[in-house]
Each structure stands twice: as structure tokens, then as C-alpha cells.
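Please look at the sequence and the model below before reading on.

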Amino acid sequence: MANDDPRGGGDRPGKQEAGEMVVAPEPEAIAVRIDMAMLHCPICFLPLKPPILQCDAGHMACSNCRGKIAGGRCHSREVVGVGVVYARSRAMEAFVSSTKIQCPYQVHGCRSHVTYYAVDDHQRACPHAPCSCPEPGCGFAGSPPALLVHLAAAHSCHVDNVEYGKALSLRVPASARRRRRRLLVGEEDKRVFLLATATVGAASAVTLVRVAASAETAARYRCKMWANAPAAAASGKADMVMVDMEVASSGAAPGGVAVEEATFLAVPPRMLHGEHKEIILGICIDKKTS
């Protein structure tokens, strides 16, 4: 179709089509060096974050230190005993809110720039927080995706994909002479889980932990595991043991959690299958809804 617009350029830059999403451009940024003391409260020495208070003499204080400057007196030694007024400093709040640093876990793949005072909160939830390899004597540490690749390549751990809310059937060796670690990866979010077996008395204990940063303690997943015994010759029916549990997170030594202290599925010897003494394991992992 001919363009009848006398100004020409029917597809002029900046023209927004109906229903088109407008994406705000990234603000310009520069790299600068800042004295760290400028970003910390001079009373408690923690990072300053809104609301920030400032006295008439220009001294700062975080809101948590409000009680330490009660009576309208400045905390600074130079003006002790001088009545001053603390007021909220919007300019300083804007300054510290715009001061960002690279996530400390950039070496493990995080590309985020985080507001300085929020770094600790970010680290606790960062999906790239390093986890240690659970294999004895191995010093590898990396993000969960990197650890997954490492365990599969360096330690020949078997990897299975799992769909949340759906059952998966596995044959798990119970013998101590055979490798007893297995990796499960959520198809939806690529979360890594480590399935491990250990011996508790005469029984085999099956545990499941989510590979995540050690500081991330909130349980976000539940898991049902069950094992079936060989069917009885007379009745054709089989006994079953089952556990329904929250999935713990472990980053320091995933799978190394003491089974005596963790929730586990106990499978007695009579429920093992075949000459290799395997556990016929059913497992269903699901996200917690609350």
C-alpha cells in the first residue's frame, strides 16, 4: 500500500503500534570508586538503607539506631551534648539506593548488579550460590547447574528428569559396594535434587535433598517416596513402605546430611529385589503451595 503521509516514512522510529509493549531503556551508568564508610551507618557499621536519618551537623544514622540517638543528641563526639535535630535524608536514600555492585557470585555465573545494602539478601536467594561436591575428597564447588555437570561428568552420577506432581519409578541399588547417588532435575525450573541411600541398622535409608545455597533454608518442595516388596507367591500382593516429607536444602554437602537426623524412607532387607539387592522406588516431587 502506498504511503500517503506527506512527511514520509510510514514506519517512523518511535511510532508505537496498538498493543505494543513499551520497554523503558536501561538508565546510563558509570563505574566509580566510593569510600565504603560512606555507605555504612557510623553507629552500628551496617550498610545504610532507607529510611536514613541525618542531623543538622550532617552526621548519618540508620533507622535501627534511632534509639541510640534519643533525646535529639548527635552521636558524633565533636558535638556531644549539643541539641540537634535528626531528619530523614531523601538525598542520601537516593544515593545509597542507586549504588550497586556486581553479585559476589559472579564467578559462579550470576550477572546481577545488586543494590549495595541488599547484597546479603540477594546472596541468600541467589540461584548461583556455590555448593560443594558431596563426593569424599573432592574440592569442587560451583552453582547448582555447574555442580550437576560436574557430578555427571567427574563422578558418573546418573541424571533423571522429573516432572513435578508426577510419579517417577527408579531402581536404586542398596548395596554399599555399588554407587548410591543419583541426580534428579526438575523439568520446569531445572532445580537439582540429590537422591542418596545409606545404611541404618539392617535397613536401607533413602534420602532426598535439594542442592541449593546453605543459607537457603526455606523448604519449597515436598516429596513422596515409596518402595514395594517383591510380591508374595501365595497372594500375589506386595508390602509397601512410604514417606511424605519436606525436601531439605543443602549446599555445604548435599547428600551428606546425617540420615539419623533427616527424614528418610527406611526399606528393610526383605523388600529388596533381585541378586543386586535393588530398591524399586517410586518418587513424586511437588512444589509447596504455601
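1. Helix α2 (residues 119-125) gives the largest share of the lining of the second largest pocket, 4 residues. Helices (H or I, at least four residues) and strands (E, at least two) are DSSP runs, numbered from the N terminus. The model is a predicted one, in which local features need pLDDT of at least 70 and side-chain atom pairs count only at pLDDT 80 or more, while totals for chains, interfaces and linings use all residues. Residues are numbered from 1 along each chain as its sequence is written, and side-chain values use heavy atoms, with hydrogens and water left out.

2. The second largest pocket holds about 310 Å³ of space. Its lining has 15 residues, and Leu 46, Pro 47, Lys 49, Tyr 117 and Asp 120 are the closest to its centre. A pocket is an open set of points on a 1 Å grid over the protein atoms alone, where a 1.4 Å probe fits, with protein on both sides within 12 Å along at least five of seven lines; lining residues have an atom within 4 Å of a point. The volume is the space filled by probe spheres set on the points.

3. Domain 1 (32-98) and domain 2 (101-129) each supply at least three residues to the lining of the second largest pocket. The domain bounds come from an automatic or database domain assignment. Sorted by class, the lining has 9 nonpolar, 2 polar and 4 charged residues.

4. How many aromatic pairs are there? The count is 3, where rings of Phe, Tyr and Trp (its six-membered ring) pair if their centres lie within 6.5 Å, and planes under 30 degrees apart count as stacked, over 60 as edge-to-face and the rest as tilted. Tyr 164 and Phe 193 form an edge-to-face pair, at 6.5 Å centre to centre and 85° between the planes. Tyr 164 lies in the loop between β8 (158-162) and β9 (168-173) and Phe 193 in strand β11 (residues 192-200), so the pair ties together parts 29 residues apart in sequence.

5. The rings of Tyr 164 and Tyr 221 have centres 5.5 Å apart and planes at 40°, so this pair is tilted. Tyr 221 is in strand β13 (residues 221-228), 57 residues from Tyr 164. Phe 193 is buried, at 0% relative accessible area, and Tyr 164 is buried at 12% (buried means under 20%, exposed over 50%, partly exposed in between, with a 1.4 Å probe and protein chains only).

6. His 150 is in helix α3 (residues 144-154) and is buried, at 14% relative accessibility. Its side chain makes a polar contact of 3.1 Å with that of His 155. A polar contact is a pair of N or O atoms within 3.5 Å; within protein, one must be able to donate a hydrogen and the other to accept it, and residues adjacent in sequence count only if both atoms are side-chain atoms.

Note on methods:
Nonpolar A, V, L, I, M, F, W, Y, C, P; charged D, E, K, R; others polar.
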